[in-house]
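Reader: I am new to this structure and would like to go through it slowly. Could you show it to me before I ask about its parts?

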Amino acid sequence: KGRTVDWEAQNQQVVESLAAFGLGQEFVTRTVEELSAAQQQQVSIAKALALDAKVLILDEPSAILTDAEIENLFAAIRRLAADGVSIIYISHRLDELFVIADVVTVMRDGQTLGTFELNDLDVASVADLMVGGEFAESASGSSQDRVGEVRLSLRELRSRHFHDVSIDVRSGEVVVLYGLVG
């Protein structure tokens, strides 16, 4: 009772929080349902920061972000770290570690293998720690030796975003198709 909300000050705080992620003032008046999944994620992180979080745990925050959005995220993470916020960043994208982290803790099968200074590691050594030499062993033979007959064959697949894509997938083979969000 008798209290009012300073909407102007609150909107200004929202504008500043969203600007840290490269989201403009037009996002202040939009509902979350109107935003893309990547924008919703950025707004969620901005919300946590607006609450003056002292510890921020980010679980795969870049998984659905474009390269430009990831750069905005990393810039915000650097600013937060400089302001004394503790950040736990969970990622399977090993190259990200070397951009934003100081130390890395490697876990495998629910066990902590150790915490290491990133200056002492490279992507290959982190990957080796994560898989425990299994990757080197599995990669030692030719993949052609382990795959069988064609199970899926696509020819000249087209859409408005790509054209003339042809691919064969054989039994025992894992094929990964990768694309950027947006």
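Reader: In which helix does Gln39 lie?

Author: This is a predicted model, in which local features need pLDDT of at least 70 and side-chain atom pairs count only at pLDDT 80 or more, while totals for chains, interfaces and linings use all residues. Residues are numbered from 1 along each chain as its sequence is written, and side-chain values use heavy atoms, with hydrogens and water left out. Helices are DSSP runs of H or I with at least four residues, and strands are runs of E with at least two, numbered from the N terminus; by that numbering, Gln39 lies in helix 2.

Reader: Is Gln39 buried or exposed?

Author: Buried means under 20% relative accessible area, exposed over 50%, and partly exposed in between, with a 1.4 Å probe and protein chains only. Because the relative accessibility of Gln39 is 17%, this residue counts as buried.

Reader: Which residues is Gln39 in contact with, leaving aside its neighbours within four places in sequence?

Author: Contact means heavy atoms within 4.5 Å. With those neighbours set aside, the residues that Gln39 touches in this sense are Leu23, Phe27 and Arg30.

Reader: Is Glu156 buried or exposed?

Author: Glu156 belongs to strand 5, residues 150–157, and has a positive phi near 50° although another residue type than glycine. Its relative accessibility is 53%, so Glu156 counts as exposed.
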